[in-house]
Amino acid sequence: MHVRSKDHPEGKPGLSAKNRALIRRSNLVTKNVERLLHGHSRGGRSWSVENPASSVLWRTHAWSRIMKTWKPKKVVADYCRFGTPYRKRTTLYVWSPCGSNFLSGLALKCECKKPHKTLSGWGKDRKNCISTKLSLIHI
């Protein structure tokens, strides 16, 4: 069950008590990231935040406040441009007191001519790792 949606990035209405607790913890993490980014920005320190391009993080109230206050630069990249067999479009938002172009060289989108590997289901080990977790690399 999905506990968030584009329309309800801070959690869908009518969730079970267990899922409400999960959402509360996740939203607290988002608020802590917001505080950290405001502190870094006020202190003149550069930062970047990465999440899948379709992440509901980008629709949260906390992220809206970050965007309005600091206006970070959006960098979109496809993992296939860095040698992976899957596309996995990701978004980075970057901010620097010297200008927000310090990671703009990563803005590489797919130019593949063949289909990509699909990231769904369980990984080869079939234990506790879904295939999207196996794809976690840092560009």
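1. A definition comes first. Rings of Phe, Tyr and Trp, the last by its six-membered ring, count as a pair if their centres lie within 6.5 Å. Planes over 60 degrees apart make the pair edge-to-face, planes under 30 degrees apart make it stacked, and the rest are tilted. By this rule there are five aromatic pairs. The model is a predicted one.

2. One of the aromatic pairs is Trp58 with Trp63, edge-to-face, with 5.0 Å from centre to centre and 65 degrees between the planes. Trp58 is buried at a relative accessible area of 14%, and Trp63 is buried at 3%.

3. Another pair is Trp70 with Trp95. The ring centres are 5.4 Å apart and the planes stand at 70 degrees, so this pair is edge-to-face. The pair links distant parts of the chain, since Trp70 belongs to helix 2 and Trp95 to strand 3, 25 residues apart. Trp70 has 19% relative accessibility and counts as buried because the cut-off is under 20%. Trp95 is buried as well, with a relative accessible area of 11%.

4. Some aromatic residues also group together: Trp47, Trp58, Trp63 and Tyr93 form one aromatic cluster.

5. Which residues make up the largest nonpolar core? There are 10 of them: Leu37, Trp47, Val49, Leu57, Trp58, Trp63, Ile66, Trp70, Tyr93 and Trp95. Strand 1 (47-52), helix 2 (61-70) and strand 3 (89-95) are the elements that give two or more residues to this core. Helix 2 gives the most, with three residues.

6. Leaving aside residues up to four places away in sequence, Val49 touches Leu37, Leu57, Trp58, Trp63, Thr91, Leu92 and Tyr93.

7. Charged pairs come next. Side chains of opposite charge can pair when their charged atoms come close. The whole structure holds four salt bridges. One of them joins the side chains of Glu34 and Arg65, at 2.7 Å from N to O. Glu34 sits in helix 1 (residues 17-42) and Arg65 in helix 2, so the pair links distant parts of the chain, 31 residues apart. How exposed or buried is Glu34? Glu34 is buried, with a relative accessible area of 9%, whereas Arg65 is partly exposed at 38%.

8. Arg89 and Asp78 form another salt bridge, with the closest N and O atoms 2.7 Å apart. Arg89 lies in strand 3 and Asp78 in strand 2 (residues 73-78), 11 residues apart. Asp78 counts as buried at 0% relative accessibility, while Arg89 counts as partly exposed at 27%. Asp78 and Arg89 are also linked with Arg87 in a network of salt bridges.

9. A further salt bridge runs between Arg81 and Glu111, where the closest N and O atoms are 3.5 Å apart. Arg81 is in the loop between strand 2 and strand 3, and Glu111 is in the loop between strand 3 and helix 3 (131-134), so the pair ties together parts that are 30 residues apart in sequence. Arg81 is partly exposed, with a relative accessible area of 31%. Glu111 has 56% relative accessibility and counts as exposed because the cut-off is over 50%.

Notes. Residues numbered from 1 in each chain as written. Predicted model: local features only at pLDDT ≥ 70, side-chain atom pairs only at ≥ 80, totals over all residues. Heavy atoms only, no water. Core = buried A, V, L, I, M, F, W, Y, C linked by side-chain atoms within 4.5 Å. Buried < 20%, exposed > 50% of the residue type's maximum accessible area, 1.4 Å probe, protein only. Helix = DSSP H or I, 4+ residues; strand = E, 2+ residues; numbered from the N terminus. Contact = heavy atoms within 4.5 Å.
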